[in-house]
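Welcome to a short tour of a structure that may be new to you.

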Amino acid sequence: MRKYLGMVGFLVVVAAIVVGVAFALNAFAFIPAPYAPAASSGGVTVKEDVFPFAPCTDPDFTKTHPEYAQCRPNYNSQYVLYSEPEIVVPAHTKVTMVINNYDSTSALVNNYFLKPQGVDGGVINVDGQQMDTIDPTVVSHTFVIHGIVSQQQPWLYVGVPITGVPDSAKTDDAGMPDQPVVTTFTFTTGAPGTYAWQCFVPCGVGFNGFGGPMGTDGYMNGTFTVK
Amino acid sequence: MSWTRKLVPSYFSGAVLAAIGFIVGSQYVWRVIGGVNWDLNDPGASGNFLEQGFLAGFVLMTLGWLIGIGAFKYPFTWMLGLKDPDHNEELRLAGKDAGIIRYFRFTTDHKVVGIQYLVVTMIMLAFGGLGAMLIRTELMFPGAWAFPKETYNTIVTMHGMLMILTIISFFVGPFGNFVIPIMIGARDMAFPRLNALSIAFLIIAMAVYAFIPFMGIGDPLTTGAGVQTGWTVYGTLADQTGIGVDALALAVILAGVSSQMGAVNLITTVIAMRAPGMSYTRMPMTVWGSIGASILSALGTASLTVDLVMIVMDRVFRTSFFFAATAGDFANNGYIGGGSAWLTQNLFWFFGHPEVYLLVLPAFGFVMDVTSVFARKPLFGYKTAILGLMGVVVLSFLVWMHHEFVSGFLPELRGFYMASTELISVPTGLIFLVLLGTMWRGRIWMTVTMGFVFAFTWSFLIGGITGIYLSDVPADVQLHGGMFVTAHFHYTIVGGALMGFLGAVYYWFPKMTGRMMDEKIGWISFWGIQIGFNGTFLAMFYVGLQGMPRRVADYSPLFAGGNLVASISAFVLGASVILYFYNVIYSWKAGPIAEANPWGAKTLEWTTPTPVPLENFGEIPVVTSGPYNYAEPATPSGVPARGVEAGPAIG
Amino acid sequence: MNSRGNLRTPIILWVVISILLAALYYFLAPVLAQAGAIPPLASDVADNAYQIMAIFTYLSIPVFVGVVVFAAYSLFTFRSRGRPTDIGPQIYGNTRLLGWWLAASFVLITVLYVIGFNGLAQLEAAAPASALHVRVTAQQWIFNYTYTDYNISSSTLYLVENQPVEFTVTSLDVHHSFWIPEMGVKADAVPGELNTFVATPNKLGHYTVRCMELCGVLHSDMNTNVVVETSSQFGTWISQQMSVRPASLFAAVQLPEAALLDASGKRS
C-alpha cells in the first residue's frame with residue numbers, strides 16, 4: 001500500500017515541478033498585452049511608436065510622454081522596439097496606422113520593401129508628404145503584415161517602409177530625438193484572421209542584423225489579429 | 001577515515017574547483033581583457049567579450065573539475081617518474097572498502113562507473129523529458145500561447161540535444177560498463193582510469209549544458225537568450241542565434257569525447273580481455289550491439305566536433321566557414337565570405353546518421369539476447385544477427401545525404417543515397433528475423449523486460465517502415481521537414497533505444513543493486529508508456545501528413561485536433577516514465593532481495609554472486625559453450641551452468 | 001499452456017489480415033484525403049509523390065502484418081505461465097529461411113528502388129521552354145517572388161494552371177525551405193546557392209507556402225499565399241504590375257549570384 005501512495009505522491013511532485021517550470025518560463029518572458037484601439041465611425045486608428053531603446057530609461061522623454069514612464073517587466077531596455085507589438089483590430093474595418101519613428105536610418109537587405117504594398121492608393125504619408133516609394137538612404141524600419149497561418153483566413157499583406165530620423169536631428173541627452181518622423185497609411189481589413197508583422201531592416205545584432213531584438217518576440221515583430 | 005581524506009579528491013572537490021575555474025576564466029576575460037562594465041543603461045556597455053569570457057570560463061571549469069576529482073594525479077606521477085601505484089593503491093582507487101563515497105569520486109571500478117552512469121543518464125533523461133512536456137504544452141493549442149516563440153525554439157533545441165546525448169550514453173554507459181566486462185569474463189575494463197574519466201567528462205558536459213537557458217538574458221548586445229537552431233545547429237542560424245550556442249557546442253564536444261573514450265575502452269576490452277574459451281562467436285549479442293555502437297561513436301563523432309568548432313570560430317573569430325556571401329552583404333560584421341552553407345549540413349549529417357544507428361544498436365543486441373533468455377531458446381541465427389548488426393554499422397556511413405535530398409546539394413547523387421538507405425533496411429530486417437525466430441516455439445516468460453521486447457518489435461517496425469517512405473526521394477520531397485519525420489525518428493529512437501533501455505534496467509537491476517524491481521508498478525508504467533507513446537506519435541504522423549512543419553510554435557487550426565491528442569497522450573507518456581523512475585527509486589531502497597540468477601540466464605554475469613565482488617570472479621572462468629545453451633544441466637548449486645568452471649567468490 | 005503451435009495458423013492470419021488492411025486502405029484513403037488527412041493535390045509532382053506513397057503503403061502492409069502476426073502468435077501460443085519449467089527446442093537457425101528472407105528483402109527493395117527511381121527521373125526532368133521562371137528569395141521571415149521573365153517582384157505567388165514553373169530558390173541569410181504542400185514543391189533555400197525545382201500546377205485555387213527549415217523566431221509565420229489562375233487572369237495581373245513598377249524595382253531584389261560570379265560567369 002505504501003508503495004502506491006509513494007507512487008502517487010512522486011507523480012504529484014514531479015507534475016508540480018513541470019507545471020512550475022512552465023509557469024516560470026511564461027512569467028519571465030516578455031509577453032506584451034494586446035492593444036485594441038476602439039473603433040469609431042471612420043474606422044480604427046492604430047498608433048505605434050518606434051524607439052531606438054526603451055523610453056522608460058530616458059527621464060527627459062518620460063517627462064513629456066508620461067505614458068512611457070513605467071518600464072515593462074522582463075524587458076530588455078537596450079533593444080530597439082515598437083511600442084505595441086500585439087495589435088487587435090476589428091474585421092471589415094478601415095484601419096489608419098500612425099507610426100512615430102524616433103530611430104535613425106539603416107539600410108535594407110532587400111529593397112523590395114521600399115515600395116508600400118497593400119495600402120490604399122499605394123501611397124503613404126511621411127511627415128505630411130504623400131510618397132509612393134522611399135529612398136533607400138532614409139529608410140529606418142518597415143512595418144510588414146504578412147503570413148497566413150491557415151487557409152481558413154484571407155491573405156492580408158501590408159508592407160510599409162518607415163522613414164528614419166536624419167542624423168542631423170536634435171536629440172535629448174539620452175539620444176532620443178525630439179521629433180519623430182510620422183508615417184501614416186490606411187488599409188481595410190477583411191475577414192477575421194491572425195497574422196504576423198515584422199520589420200525587415202537588419203536593425204538587430206548578429207551576423208546579418210536579424211538577431212537580438214529582431215530575433216525576440218515583442219520588439220520588432222508581433223501579431224496582428226483581425227477579430 | 002577523516003572527512004578530508006574522504007572528500008579530497010572527490011566530485012565535491014571537483015565541483016568547488018570547477019566553480020573557481022569558471023569564475024577565474026570568465027572574470028579574467030571580461031574584466032582584465034575586455035574591460036566590460038556591466039551597466040546596462042550605459043550605451044557604451046560592451047558585450048564584446050561576452051562569448052569569449054564564457055568560453056574561457058567553461059574551459060577552466062572543465063580543467064578545474066578534472067583536477068579537483070584527481071584525474072590528473074596518476075598521469076602526473078607517471079610523467080614525473082615517481083613511484084607507480086602499487087596493488088593496494090589501485091584497489092583504493094577502485095573504491096575498495098570506501099562505502100558509498102566511492103560513487104561520488106573518480107573511481108576506477110567498472111561497476112561503480114556503471115552505477116554512476118545509470119544515475120546520471122536517468123537524470124538527463126528526466127530533464128529531456130521535462131523539455132518534451134514543455135514542448136507538448138505549447139503545441140496543445142494553436143498559437144504561441146504558453147511561451148514566446150524564441151523560448152519555444154530554445155526548448156526544442158535543448159530537448160533534442162539533451163535526449164541525443166542521453167541516449168548515446170544510457171546503454172553503453174551503465175550496462176556496457178557494469179555488465180559487459182563480467183559478461184565476457186574479465187575483471188575490469190581495459191582502461192579503468194579512462195573509464196572513470198569518461199563519466200567525469202559527461203558530468204562536466206552536463207554542467208556546461210545547464211548554462212544554456214541562462215546565457216544571453218538581458219544583455220543588450222547578445223542575440224537573445226538560449227539557442228534557437230534545433231539540435232541540428234546548422235551553421236547559418238547558429239552564427240546568428242544567442243550565445244547559448246557556445247555552451248551547447250562545448251557541452252556536446254565534451255560529451256562526444258566522453259562517448260569516444262567509452263567506445264575505445266569497450267572495443268579494447270572485448271578484443272583483449274575475454275575469458276579463455278570465450279571466442280567471438282560465444283559472446284552474448286549485447287556485446288556485439290555495443291561494439292557496433294562503439295565503432296560508430298569512435299569514427300563519427302569527430303565530424304560533429306569539427307562542425308561545432310567551426311560555428312564557434314565563425315561567431316568569435318569572424319571566420320566564414322558557412323558564409324558564401326562576400327563582405328559587401330554583411331560588411332558591418334567583417335565576414336570575408338567564401339564559405340559554404342551546405343558544409344554545415346554535410347558535416348553534421350556525416351556524424352548525424354551513424355549517430356542515430358549508434359542510438360539503437362545496443363538495444364538491437366540487448367533485445368536479441370533477452371529474447372533468448374525469456375524464450376529459453378538459443379538465438380535463431382547467431383551469425384545472422386552479427387551480419388545484421390555489422391551490416392548496419394558499415395552501411396550507416398553511406399546514407400547520410402538522405403537528410404539533404406531537398407537541399408540542392410549534388411542532386412545527381414540522390415539516386416545512390418536512395419538505394420543505400422533502402423539497402424540498410426535489409427540488415428535491420430535480419431534483426432527482426434532473429435527476434436521472430438527466437439520467439440517461435442519458445443517458452444515465453446512474460447516479464448516486464450519481455451514486454452519491452454515486444455514493444456520494441458512493434459515500435460521499431462513502424463519506425464523502420466516509415467523510414468522507407470522517407471528514403472524515397474519523391475515522397476521525401478513532400479515529407480521532409482514536417483512532423484512525419486519527427487514521428488518517424490521518435491518511433492525508432494524512443495521505440496527502439498528507450499524500450500531497450502527500460503527493459504535492460506529492469507533486467508539487470510537485480511545484479512546491479514541486489515533487489516528486484518516491483519512487477520506491478522512495472523506493468524502499470526509499461527502500459528502507460530505504450531498507450532502514451534503510440535497515441536502521441538501516431539497523432540503526429542497524422543498531422544505530418546496533413547502538412548504541419550517541424551519546430552513551429554504556432555500552427556494552422558487544421559492541425560489542432562491531432563496536436564491536442566498528441567499532447568494529452570504525451571502527458572500520459574511522461575507520467576508513465578515518471579512511474580518507471582519511481583519504481584527504480586523505490587525498489588532500490590525497498591524492493592525484494594534478489595537471488596544471484598533470478599531470470600535463469602546463461603550469460604556469465606549471472607554466475608557471480610550479488611553484490612558482485614570487487615574483482616568479479618575468484619578465478620577467471622573457462623568458457624566451454626555459447627551463451628544460449630539451455631540444454632546443459634544445472635550445477636549442484638542450482639544455478640544453470642554454462643560449462644563454466646568457476647572458483648569460489650571473494651568477499 | 002505451451003502448445004507446439006503450427007505454421008499454418010499465423011500464415012493464414014497473415015494473408016487474411018493483409019488483404020483486409022489493404023482493402024481498408026483502398027476504401028478509406030480517398031475518404032480520409034477528402035477529410036483533410038493530406039493536402040488537396042494540385043500539381044503533377046504532388047500526384048506522383050502520393051501515388052508512390054500509396055504503392056509503398058500497399059507494399060508495407062504485408063511486411064507490417066507479417067511481423068506483428070508472428071510476434072503476437074508467439075506471444076499467445078508459446079507463453080508459459082510464470083517462470084518456465086522446461087526449455088524450448090534448441091534450434092540455432094535455419095539457413096533456408098535466411099536465404100528466402102534475404103531474397104525477399106532484396107526483391108522488395110529493388111521494387112521500391114525502381115519505383116523511386118522513376119519518380120526521381122520525373123523530378124529531375126528539365127523545365128520545358130514554355131516554363132514560367134520564378135526566383136524565390138527567402139529571407140528571415142518571408143518569401144519574395146521575382147518573375148525573371150517580366151522583371152516583376154511580388155509577395156504573393158501567382159501561377160498559371162497547366163503551365164510548368166521553374167522555381168529557383170535561394171536565401172539571403174540562413175537556411176529556409178520553400179514548400180507548397182498542395183503542389184509537392186519543396187526546395188531548401190540555402191544562402192549563396194541556387195536550388196531548382198520544376199512543377200506544373202494542374203488545379204485552380206488558393207494554396208499556401210510554408211517554410212520547412214527552422215530559421216529563427218518567426219519560422220512558423222513564414223507562410224505566403226499561392227494563387228493558381230487562368231492564363232488570362234495572370235496576363236492581366238502582369239500588365240497591372242508592369243504599369244506600376246518603378247524602373248528601379250527589379251534591380252532592388254538582390255540576386256546573390258551576382259556577388260558570386262565574375263564577368264566570365266565563373267564563381268569568384
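This is a predicted model: local features need pLDDT of at least 70, side-chain atom pairs count only at pLDDT 80 or more; totals for chains, interfaces and linings use all residues.

## A first look at the chains

Along the principal axes, the C-alpha atoms of chain B fill a box of roughly 80 × 60 × 45 Å. The chain contains 21 helices and 1 strand. Of its 651 residues, 65% count as buried.

Chain A is built from 2 helices and 12 strands. Read from the N terminus, its elements follow the order α-β-β-α-β-β-β-β-β-β-β-β-β-β. The C-alpha trace of chain A spans about 80 × 45 × 40 Å along its principal axes. Buried residues account for 44% of the 227 residues in this chain. For chain A, 73% of the contacts between residues at least 6 apart in sequence join residues at least 24 apart.

How do α14 and α16 of chain B cross? Helix α14 (residues 382-395) and helix α16 (residues 425-439) have axes that come within 8 Å and cross at roughly 155°. That angle makes α14(B) roughly antiparallel to α16(B), because angles over 145 degrees are counted that way. The crossing of these two helices is left-handed. Among the residues of α14(B) that meet α16(B) are B:Leu387, B:Gly388 and B:Gly391, while the α16(B) side includes B:Leu430, B:Ile431 and B:Val434. By class, this contact has 9 nonpolar, 4 polar and no charged residues.

Another pair brings two chains together. Helix α15 (residues 414-423) of chain B packs against helix α3 (residues 95-123) of chain C at an angle of about 155°, with the axes 10 Å apart. So α15(B) is roughly antiparallel to α3(C). Here α15(B) passes α3(C) in a right-handed crossing. From α15(B), residues including B:Arg414, B:Met418 and B:Glu422 meet residues of α3(C) that include C:Leu112, C:Tyr113 and C:Phe117. The residues of this contact divide into 8 nonpolar, 2 polar and 2 charged.

| Cis peptide bond | Omega |
|---|---|
| B:Thr610 and B:Pro611 | about 0° |
| C:Gln140 and C:Trp141 | about 5° |

B:Pro611 is found in the segment after α21 (560-590) of chain B. C:Trp141 lies in the loop between β2 (132-139) and β3 (142-147) of chain C.

Where is B:Val233 placed? This residue sits in the loop between α9 (192-209) and α10 (235-238) of chain B. B:Val233 has a positive phi of about 40° although it is not a glycine. It counts as buried because 23 other C-beta atoms lie within 10 Å.

B:Asn616, in the segment after α21 of chain B, is not a glycine either, yet has a positive phi of about 70°. With 22 other C-beta atoms within 10 Å, B:Asn616 is buried.

Technical notes
Residues are numbered from 1 along each chain as its sequence is written. Chains are lettered from A and ligands numbered from 1 in the order in which they are written. Axes are lines fitted to C-alpha atoms, for helices over the stretch in contact, and angles run from 0 to 180 degrees between N-to-C directions. Helices (H or I, at least four residues) and strands (E, at least two) are DSSP runs, numbered from the N terminus. Angles under 35 degrees count as roughly parallel, over 145 as roughly antiparallel, 65 to 115 as roughly perpendicular and the rest as oblique. A crossing is left-handed if the near helix is turned anticlockwise from the far one by less than a right angle, and right-handed if clockwise. Two residues are in contact if their C-beta atoms, placed from the backbone, lie within 7 Å. Ala, Val, Leu, Ile, Met, Phe, Trp, Tyr, Cys and Pro count as nonpolar, Asp, Glu, Lys and Arg as charged, and the others, Gly among them, as polar. A residue is buried if 20 or more other C-beta atoms lie within 10 Å of its own, exposed if 12 or fewer, and partly exposed in between; C-beta atoms are placed from the backbone.
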